[in-house]
Amino acid sequence: RALPAPEELRGADLIARARHALAHADVVIVSDYLKGAVTRGLVASIVDAAAARKVPVLVDPKIPHIDYYAGTTVVTPNHHEAEIATHMRIRTDDDARKAAKVFIERARCQGVLITRGEHGMSMLDPAGEAHYPAVAREVADVTGAGDTVIATLALSLAAGADLAEAAQLANHAAGIVVGRFGPATVSPAELIAEFGRA
């Protein structure tokens with residue numbers, strides 16, 4: 001029997017490692033950097049294993065891979081990525097709602113959270129739709145804002161929040177980090193204080 005090609009071996013090893021890690025996880029983030037690690041087979045394997053344990057799977061996407069994300073819980077494109085994926089302009093909440101519906105149909109995911117910069121975020125999932133206005137008082141640097149959104153979303157869901165609560169927390173966390181220069185983090189105390197000011 002022929003030996004598997006090196007890239008197949010790496011793919012099988014990554015799937016095995018992902019499934020092992022998922023056995024102990026409360027939530028999964030697939031952060032796709034379009035570097036070859038995220039494949040259709042990897043995502044399908046993660047989705048199957050996560051479904052068996054009722055673990056949410058969140059995706060920070062790259063649009064060329066939109067067909068890979070079938071069955072995932074929430075995909076978090078920014079508004080530029082959502083526009084490319086849907087061939088629609090997003091300027092208003094209504095535009096975002098329409099684009100979100102098309103995005104879900106294309107990606108075959110359960111829900112989508114579109115980050116829209118100074119216009120906040122728009123979410124559509126089986127529970128309904130919601131629009132969250134931006135909460136940043138001042139924008140210094142948007143570096144890492146998308147990472148903050150998906151990390152806060154994941155941590156909130158793992159802690160027992162529903163998706164609407166998780167999205168509100170993520171929106172406030174993003175509002176904090178964009179007020180700082182360079183990649184930034186948010187502490188629980190800062191996030192609690194942000195809600196105290198709201």
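This is a predicted model: local features need pLDDT of at least 70, side-chain atom pairs count only at pLDDT 80 or more; totals for chains, interfaces and linings use all residues.
**Stop 1: the β4–β5 hairpin.** Now widen the selection to residues 121-125, which make up β5; four bridges join this strand to β4, and the two run antiparallel. Between the strands of this hairpin sit five residues, and G117 takes a positive phi near 60 degrees there.

**Stop 2: β4 itself.** Pick residues 111-115. Is this strand mostly covered or mostly open? Mostly covered: five of its five residues are buried. In a regular strand, side chains alternate between the two faces of the sheet. Here, G111, L113 and T115 are on one side, V112 and I114 are on the other, and all of them are buried, so both faces of β4 are covered, buried meaning under 20% relative accessible area.

**Stop 3: the other neighbour.** Select residues 74-75 for β3. This strand runs parallel to β4, with two bridges joining them. To find one, click V74: its bridge partner in β4 is G111.

**Stop 4: the whole sheet.** Zoom out until you can follow six strands in an open sheet, in the order β1-β2-β3-β4-β5-β6, with mixed pairing. At the edges are β1 (28-31) and β6 (128-132), each pairing on one side only. The link from β5 to β6 is antiparallel and has five bridges; L124 has E129 as its partner in β6.

**Stop 5: the cores.** Go back to V112 and show its surroundings. Leaving aside residues up to four places away in sequence, V112 touches V74, V75, P77, A100, F103, I104, S122, M123 and L124. Nonpolar side chains tend to be buried together in soluble globular proteins. Which residues have the most contacts inside the largest nonpolar core? They are V28, V30, I46, F103 and V112, in a core of 31 residues. Colour the elements that give two or more residues to this core: α1 (6-22), β1, α2 (40-53), β2 (57-60), α3 (79-86), α4 (93-107) and β4. Then pick out V27, L58, A130 and A170, which are included in a second, separate core of 18 residues.

**Stop 6: salt bridges.** There are seven to look for. Start in helix α1, where D13 and R17 lie four residues apart, about one turn of the helix. The closest N and O atoms of this salt bridge are 2.8 Å apart. D13 is partly exposed at 37% relative accessible area, while R17 is exposed at 56%.

Next, select E83 and R91, whose side chains meet in a salt bridge at 2.8 Å, N to O. E83 is buried, with a relative accessible area of 16%, whereas R91 is partly exposed at 43%.

Move on to E190 and R180, another salt bridge, with 2.4 Å between the closest N and O atoms. E190 is in helix α7 (residues 188-197) and R180 is in the loop between α6 (163-177) and α7, so this pair ties together parts ten residues apart in sequence. Finish with D94, R97, K98 and E129, linked in a network of salt bridges.

Show everything: seven helices and six strands. The C-alpha atoms fill a box of roughly 65 × 40 × 30 Å along the principal axes. Buried residues make up 42% of the 198.

Terms used:
Residues are numbered from 1 along each chain as its sequence is written. Side-chain values use heavy atoms; hydrogens and water are left out. Buried means under 20% relative accessible area, exposed over 50%, partly exposed in between (1.4 Å probe, protein chains only). Two strands pair if DSSP finds at least two bridges between them. A nonpolar core is a set of buried Ala, Val, Leu, Ile, Met, Phe, Trp, Tyr and Cys residues joined through side-chain atoms within 4.5 Å. Contact means heavy atoms within 4.5 Å. A salt bridge is a side-chain nitrogen of Lys or Arg within 4 Å of a carboxyl oxygen of Asp or Glu.
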